[in-house]
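Reader: I like to know what stands behind the words in a structure description. Could you take me through some of them, one at a time?

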Amino acid sequence: MAATTQQTPEGTPCWADALLPDLEAGKRFYGELFGWTFADGGEADRPYAVALVAGAPVAGLAPKRDGRMPTAWGVYLSTPDATALAARIRHAGGQIITAPVRVGTAGVTALAVDPGGAVFGLWQGEERPGFGRQGVPGSYCWTEVYTRPADRDAVDTFYATVFGYRTRDLDDPAADFRVWSPPGPGEPTDATAIGGRSVIGDAFPAEMPAHFLVYFAVEDCDTTATTAVRLGGRVTEPPFDTPYGRIAVLADDQGAVFAVLAEPAAA
């Protein structure tokens with residue numbers, strides 16, 4: 001999907017990036033896994049690699065400036081006013097980790113945490129509105145937040161309050177999953193969905209923190225998983241089928257976890 005310069009609805013995922021110990025190693029891994037090429041999007045003292053698919057920006061890679069920072073993928077939610085959104089997040093029971101700060105002429109960013117402890121970014125895009133392509137192989141296609149069952153109600157209330165999401169729960173007794181759609185007329189559907197909330201159940205390690213999982217579209221889920229392992233990564237959840245396509249959860253060769261999705265027609 002080609003990028004537009006118009007403001008996307010507030011709360012819509014508009015960017016994703018990974019914090020890595022070794023930026024060059026990350027470029028090698030994802031360059032081969034997804035066919036990404038890279039452009040320099042940073043400043044002299046803050047390197048940042050913008051990943052490209054067919055010349056359009058699809059994600060970013062950044063070196064960790066502090067070893068205590070997690071090696072992880074993160075998602076950014078769009079806003080026309082990061083300062084106002086940060087105030088709403090605090091009022092609704094979230095926290096601001098990094099106050100809104102200008103990134104040159106690209107936009108304004110901030111980091112927030114929801115009541116369950118999941119971290120997400122805010123992005124007030126200006127010269128860089130966000131994704132240039134979505135839903136095509138090698139590009140972002142979905143995200144969901146994983147939270148502990150004890151925090152579920154507070155987290156649901158938080159996102160509904162802050163972003164006004166229209167929500168629906170999957171009609172599956174085996175899944176505790178809430179789908180988000182931006183504010184708007186009509187009932188939320190698959191066509192309007194922009195993300196969702198899942199829970200960290202008994203199948204997950206007890207020490208797993210709340211987190212957002214970022215998905216990338218691929219042509220073949222199984223081949224991508226095999227390639228990730230060949231490149232030094234690992235499979236944390238083997239490929240499995242869902243009504244929305246074939247999914248696998250992977251970790252890169254530095255430990256950052258992400259998911260891949262091959263839609264049914266391509267699976």
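Predicted model: local features only at pLDDT ≥ 70, side-chain atom pairs only at ≥ 80, totals over all residues.

Reader: Let me start with Thr79: is this residue buried or exposed, and what makes you say so?

Author: Thr79 has a relative accessible area of 0%. Buried means under 20%, so Thr79 is buried. Thr79 sits in the loop between strand 5 (72-78) and helix 2.

Reader: Which side chain does Thr79 join in a polar contact, and what makes it one?

Author: The partner is the side chain of Glu10, at 2.5 Å. A polar contact asks for N or O atoms within 3.5 Å, one able to donate a hydrogen and the other to accept it, and the pair of Thr79 and Glu10 counts as one. The side chain of Thr79 also has a polar atom 3.1 Å from the backbone nitrogen of Asp81.

Reader: What does the side chain of Asp81 reach at the start of helix 2?

Author: One of its side-chain oxygens comes to within 3.2 Å of the backbone nitrogen of Thr83. After the helix comes Gly93, with a positive phi near 105°.

Reader: On to the rings. Why is the pair of Trp15 and Phe131 called tilted, and not stacked or edge-to-face?

Author: The whole structure has 25 aromatic pairs. In the one formed by Trp15 and Phe131, the centres are 5.7 Å apart and the planes are at 35°. Stacked needs planes under 30 degrees apart and edge-to-face needs over 60, so an angle of 35° leaves this pair as tilted. The pair links distant parts of the chain, 116 residues apart: Trp15 is in strand 1 (residues 13-20), and Phe131 is in the loop between strand 8 and strand 9 (140-147).

Reader: How do you know whether Trp15 and Phe131 are buried?

Author: The cut-off is again under 20%. Trp15 has 12% relative accessibility, so it counts as buried. Phe131, with a relative accessible area of 7%, is buried too.

Reader: What kind of pair do Trp36 and Phe216 form, and why?

Author: Their planes are at 75° and their centres 5.6 Å apart, so this pair is edge-to-face. Trp36 is in the loop between helix 1 (23-34) and strand 2 (37-40) and Phe216 is in strand 13 (residues 211-217), so the pair ties together parts 180 residues apart in sequence. Both Trp36 and Phe216 are buried. They belong to one aromatic cluster, whose members also include Phe29, Tyr30 and Trp73.

Reader: What makes strand 10 and strand 14 edge strands?

Author: The open sheet has 8 strands in the order 10-11-12-9-13-16-15-14, with mixed pairing. Strand 10 (166-169) and strand 14 each pair on one side only, and that is what makes them the edge strands. From one strand to the next, the twist averages 25°. Helix 4 (residues 221-230) packs on this sheet, touching strand 14, strand 15 and strand 16.

Reader: How do you know that strand 15 pairs with strand 14 and with strand 16?

Author: Pairing takes at least two bridges. Strand 14 (residues 234-242) and strand 15 run antiparallel and are joined by 6 bridges, so they pair. Among the bridge partners are Asp241 and Arg246. With strand 16 (residues 257-262), strand 15 also pairs in the antiparallel sense over 6 bridges, and Ala248 has Val260 as its partner there.

Reader: And what makes you call strand 15 mostly covered?

Author: In strand 15 (residues 245-251), 7 of its 7 residues are buried.

Notes
Residues numbered from 1 in each chain as written. Heavy atoms only, no water. Helix = DSSP H or I, 4+ residues; strand = E, 2+ residues; numbered from the N terminus. Buried < 20%, exposed > 50% of the residue type's maximum accessible area, 1.4 Å probe, protein only. Phe/Tyr/Trp six-rings, centres within 6.5 Å; stacked < 30°, edge-to-face > 60°. Axes fitted to C-alpha atoms, helices over the stretch in contact; angles between N-to-C directions. Contact = heavy atoms within 4.5 Å.
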